Every structure is written in C-alpha cells, then in structure tokens.
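Here's a quick tour of one protein model, a few spots at a time. Have the picture ready and follow along.

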Amino acid sequence: MVKIRLENLNFKKDGVQILSNVNLTIEDKEYAILVGPTGAGKTSLIGLISGLYTPTSGKIYFDERDVTTVPSNERHCGVMFESYALFPHLHILDNVSYARHMQESNHEETYSISQAVLNLVRLSNRDFALPKECSGGMQQRVALARAIMALEEGGLLVLDEPFKALDAGLRLNLRREVKNIAKSTQLNLTTIHVTNDMQEAMLADKIIVLDQGKIRQIGTPKEIMYSPIDLFVANFFSTELNYFSGKIIRKEPVLETGFKKVPLEKCIIQSDEGYFLYAKTEKKFEVGEEVTFLIRSQYFKARHKRRDDKANNIVGKVKRAKFMGAWLRLEVGAKYKYENFLESDKSSSQAEMSAKLKIEVPEKLIKVEVPTTRVAIHNFNVNQTVTIYFPSEYVIVFPRIPSSILDSTLRVN
C-alpha cells in the first residue's frame, strides 16, 4: 500500500525551472489523474515520483518514508510509457516478465506469475507472439502487464498517456478496463495517470490540474467541472465557453440544495450587452457587484421556434452550422429583446421594461452544441431563427474578468 506525499518539490533542467513548490498528497489506492497543457511539467512530475529524476529541492514520501534519493528500482513503481517501449525481439511473455527476471533467479515462478498477469489483462493466449504481431490495443495491454510485474502488491502504477496512440474507439473501450484492473482487490494499487483528454480525466478519484510547473487545482471530477478555481481550469475542461459580463441586479436564496448538495443563491445580472441572465451558485456575491458568467457550449439547449417560457432564453439567427457526428455545432447571432426581462417577475421593473419592447441589443455570437437529430439538422440551418437557453445551475460565476483576458484565454476551435 502506498500513500504519496510531495513537499515543496522543485525541479530544474538545463537551468530552466520545470516545477515550482509542488505540494500534493495522493492517498493509498487512489486513482489520481494528472492533466495540463503541453509543457506544464506532467512528465517531469511523474519522473520525480517514480525515481527517474531527482528533484532540485523538496521531499518525496511513500507512506511517510523519505524516498527522495531512493533509486527507482527500489520504489516498487511500475511505469507504462506513452510509446509502450516494448522490446521488439522478445515474445510477449518475456516482455512482461523481464523486470522480475532481473530481480529474481526463480524463472519458473516468474513465468507463472507473468501468465497470471497476462490473464488479468486478457492476453492469456498470446505468450509467444512478438509485439509487431499484436494490435495497438494488445500492445497497450502488454505494456500494462509489464508495468504491473515491475511492482509488488500494493505498489504505485504510473500511466503516462497510455491511450494517446490508440484510435478513438479503442480508447473508449480500454479506459474503464484499465481503471478496473488498477483498482482490483488483487492488486491494491495507487495509480497516477497522465492525460490531456477531458473524458478520460473523469475516471479519476482525484484530478490534479498542472500549468507552467504549478498546481492550479486539485479536486474530484465534479468539483473540477462545476467549481473550477479560475478561468484556466474552466477553459481547460470545456470544448467551447461562452461568457457574459455584467452587474448583479438581484439575488435570491434557493431553497432546494440542487445537484451540488450545497446552499445556493440565485444571482441575476444585467450583462454589458443588455441580457438579463440567471445563475445558481454557492459563491457569495453582492448586489451591484461586477461578475462574469461562463457557460459551456454543450449545456445550451435549442428550439427552432421562439420560446419565451424558458429561463435564460435568447433569440437569434444561426450564423454557422457544423455537423460533428453526434453533435451539431451552432454559432448563433443573438439579439435579445428586453421583453423577456425577468423570469416570473411581478415587480414594477417588468412594467418599466415593457416600454422598451422594440429595443434590441447589439448582436453577440454564442456557440452552442446540440445533439444531432433529424429535427436539428432540418431546423438549425444558416439564417434560421432559433431560441437557445441554458440551465441556471450550470453557470460558472467569477468576479468580472476583463474581456481582453477572456478573448485571449478561451480556445478557438
């Protein structure tokens, strides 16, 4: 059993600071996934943990034992590389048993254990095949089996982008399977899995977001998705983000706890463009405070007819429609009229706004992803009028972020 603790870890390479003051705890038997953009320091971090590199400063503890300078072969750590790094001239059984052969002289027992591990990864009938005779998925299983053989029961398994070289269909099939193997009671492993795939990261017990050598956020998949700590994390876990900045004009308590299971408040903003939008959030804001609403494109819903009975509804014309297989990506040029001021609002504000029924706000381009259906393909075409809306509980709310930072940060696809 292995609990990993990193304390003020720093790492320089060729005079360049790769990691800065990294503090992290990965619990025993936890499946932790490390994500971040290229150059964030992910490979360096797992190299330090597995003993392939030595930190410039800081400490690495395995179960409170200081292993900072302990060689990698004494850390009971199995590493599965992105390239698999199989020996092309060795049969599958010899590839898997190689590390144990180097440590023990009882080759018969080693082969027996290797065959049991191959059975665990469902490769029991390919002992004497060469790597070139195996598919990508089979090579991935061989690499996983070899990594398992390199550690003892309750060891540390490190997976460095294990599915990157596989086609999309095979990746989907193997993700859950690999986690099930790592979490099996036969192995009792602590696992660190490196990936840049958002869906893959959702397998984690804990996600660690790394950027420019520093940890930006640590949390469960739900925490990372619905309560990102900053714009970087929100954007990293989004296909497209839409934003609205404005001033809070009202806030109300939400009696139900909702899907977040925490007390929420409903904040209502008047955006810079003139939209009146709602968000349910656990964060505390005051009336008059400037905020930014972020909404992921996949959380929008669309109707081909005008609808005024939905919260956060916006009417506009389709400027672009792109077929993406299971999804239809729309860019909607929206002009929201003041007549939809506030949902079920009985105050005098509604009467005050009724005089402005003919006033339209400047067009704003909103990116939406909706499931591909026959109705969607037929009705969501360029120049057609649509109503788009989004649930208020899926809005991410931050104190106002300057538009220059928003525009430069949000990815363009």
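## Strands side by side

E4 and strand E5 (residues 65–66) pair in the antiparallel sense over two bridges. Strands here are DSSP runs of at least two residues, helices are H or I runs of at least four, and both are numbered from the N terminus; strands pair if DSSP finds at least two bridges between them. Tyr61 sits opposite Asp66 in E5. There are two residues between E4 and E5 in this hairpin, and Asp63 in the turn has a positive phi of about 50°.

E4 (residues 57–62) also pairs with strand E1 (residues 4–13), again antiparallel, over five bridges. In E4, Ser57 is the bridge partner of Asn10.

## About the model

This is a predicted model: local features need pLDDT of at least 70, side-chain atom pairs count only at pLDDT 80 or more, and totals for chains, interfaces and linings use all residues. Residues are numbered from 1 along each chain as its sequence is written, and side-chain values use heavy atoms, leaving out hydrogens and water.

## A threonine in a loop

Look for Thr195 in the loop between strand E8 (190–194) and helix H6 (198–201). Is Thr195 buried or exposed? Thr195 counts as buried because its relative accessibility is 3% (buried means under 20% relative accessible area, exposed over 50%, partly exposed in between, with a 1.4 Å probe and protein chains only).

The side chain of Thr195 makes a polar contact with the side chain of Glu200 at 3.0 Å (a pair of N or O atoms within 3.5 Å, where one must be able to donate a hydrogen and the other to accept it; residues adjacent in sequence count only if both atoms are side-chain atoms). The Thr195 side chain also reaches the backbone nitrogen of Asp197 at 3.0 Å.
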